[in-house]
Amino acid sequence: MANLIYGPLFALFLASSLLPLAVVYLVERGVLTALLQPLRLLSSGSPLFFMFQSRAIGHSLSDEFAFGGAAYLATGRGLGITRTPFHQTYSTFAITAIYPGAELLAFLLSASLACPSLALRPTLYVFSMLMPLSLAFSPALFNPHAFEPRAALQDAREWLSWLADADSSTGWLSGHRRLCAKKTSTHLQAMLLPSKEQLLALPLLLAASEAMAPYGWSLSPHLLLLALDPAPPLALLTLLAMRRVAGLCYRGAACSSEDPNPLTAGVLVGACLAAEAAAVAHACPALPTAHWVSLLAARYFCTRTCANTFAYAYELAPPCGEGVLGAGPVQLLASAGRQTVIGYHMLGDVVLGAAMQLPLLIVALVPCVAGLHLRFLFNTTGSGLDASLKTQSLGRQSLQRSLEQYSHSRSNSHATSPVTSRSGSRVGTPERGSRVGSRGPDRGYRSRSGSDASFHDEAAQRLVAHTNDDPPSPRDAGPPDRLFTPPSTDERPLMNHSASKGRSRRKR
């Protein structure tokens, strides 16, 4: 059944989705374009981007249902346009796409490991891997200059600095705290629906129990320890107690802080998990691969359930003071649990980030990959893109020179050539008791050329300032019809004259 779904049926679905586009090109541009244009879209990776974008839209809708606060849908349209460092891309799309893509990829790989005798066609692996690969690697694949060696090495260094940053508002720890604080705004209708961790934890735990029953594992204590792992919390509790004792012994020492670095918590959690795996391998040396898969899956979803529950309870609980139960043991236990959640999250981000960075670094070392990636994104070469940018720069410089010349000529013309008003007086020498541009004693309008010149000079200066950055907005640039054409000095008298004629006709 799986071979049929991810074989001919999937190919038929892909062809039917491209059929309307091919028909449009056939009617408008001919047979050759109708055949080549869909192939070009496939080769440019548009199906991968559409999968990634659909996942982003679906995640935004589910977040609105769970937390409320309808906001802008971050559908990833900035990908392929602007260069973004890897750590910013990872922090933006981790919850949206990278975590679900990694889970789907792990499930597909574990199926072949758990059942090696299962005969599956290669087309099944190819078509079924499109979704997890697009979710996990699209943020890096559609990022410009991602396969340049210098950019890849710089991304790796910045990613490590981002993981170790525990103080700034843009570091990894600040993002983790915002994610945990968001759980407190969960709506009631979302809390009534069970999560995927809760739906999968208990069945996988029962499957692991049946698989490990021949090896002497029982519900207590083996599976209880598998569901509620006490080793990482105890290790972090010991570390926090040692730091507190050191802070009491040495006042003002650097080790007196209660919260260690997130990398330290991740290393401790990883060491505990490795020790547990070594203990299971020593106790059951001939354990099949399918049993390992069941144990790892049960541990993963049980840990996710416990971590989400504790993070939600910790954010809702009131702060524990030092006077609660003596010297703050409740606060110490709560800090150990919080550091355990931080350690698991840090360990997962380190593993996923390294799994994404390592292929990028390896591929970036291959010659001509950066040029092919540029063609893949922009359908052009590096020289063509440079020529386009150079032409755009020359156009902006030409526009700037034209505006400067226009501003200079306007200022010179108004400084040297006097303009005579309707009353016969010059602009530069207004009569006593009257102002330039206002109604004089003869009820005539004096010239407003001085104000017009200042208006046009100010508009030209705004346009010159905008040529090096973004194009001016309509609000900044002013009305287009008055930007380069000065208003007529006889405009208002003509309007008043026509209005008086209309009034005289109505009187008649």
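## A pair in helix α3

By about how many helical turns are Phe49 and Phe52 separated in helix α3? About one: these two are three residues apart in α3, which covers residues 46-67. Keep in mind that this is a predicted model.

Phe49 is buried at a relative accessible area of 16%, and Phe52 is buried too, with a value of 0%. For reference, the cut-off for buried is under 20%.

## Aromatic pairs

Let's look at the rings. There are nine aromatic pairs in the structure. In one of them, the ring centres of Phe49 and Phe52 sit 6.5 Å apart with planes at 45 degrees, so this pair counts as tilted. Ring pairs also link Phe49 and Phe52 with Phe93 and Phe142, giving a cluster.

Then there's Tyr90 with Trp162. Their ring centres are 6.1 Å apart and their planes meet at 70 degrees; since edge-to-face means over 60, that's the label this pair gets. Tyr90 belongs to helix α4 (residues 86-114) and Trp162 to helix α7 (residues 149-164), so the pair ties together parts that are 72 residues apart in sequence. Tyr90 counts as buried at 1% relative accessibility, and Trp162 is buried as well, at 9%.

## Helix α13

Next up is α13, which runs over residues 262-283.

Which residues of α13 are buried? They are Pro262, Ala265, Gly266, Val269, Gly270, Cys272, Glu276 and Val280. Looking down the axis of α13, these buried residues fall within an arc of 160 degrees, so they line one face of the helix. Over on the other side of α13, Val267 and His282 are exposed. At the start of the helix, Asn261 has a side-chain oxygen that comes to within 2.9 Å of the backbone nitrogen of Leu263.

## The whole protein

Zooming out, the secondary structure comes to 20 helices and zero strands. The protein has 508 residues, and 32% of them count as buried. As for contacts between residues at least 6 apart in sequence, 75% join residues at least 24 apart.

Finally, the surface: the accessible area of the protein is about 30500 Å², and 66% of that belongs to carbon and sulfur atoms.

Terms used:
Residues are numbered from 1 along each chain as its sequence is written. This is a predicted model: local features need pLDDT of at least 70, side-chain atom pairs count only at pLDDT 80 or more; totals for chains, interfaces and linings use all residues. Side-chain values use heavy atoms; hydrogens and water are left out. Helices (H or I, at least four residues) and strands (E, at least two) are DSSP runs, numbered from the N terminus. The expected span of a helix is 1.5 Å times one less than its number of residues. Buried means under 20% relative accessible area, exposed over 50%, partly exposed in between (1.4 Å probe, protein chains only). The arc is that of the directions from the helix axis to the C-beta atoms. A polar contact is a pair of N or O atoms within 3.5 Å; within protein, one must be able to donate a hydrogen and the other to accept it, and residues adjacent in sequence count only if both atoms are side-chain atoms. Rings of Phe, Tyr and Trp (its six-membered ring) pair if their centres lie within 6.5 Å; planes under 30 degrees apart count as stacked, over 60 as edge-to-face and the rest as tilted. Contact means heavy atoms within 4.5 Å. Accessible areas come from the Shrake-Rupley method with a 1.4 Å probe; for residues, only the protein chains shown count as cover.
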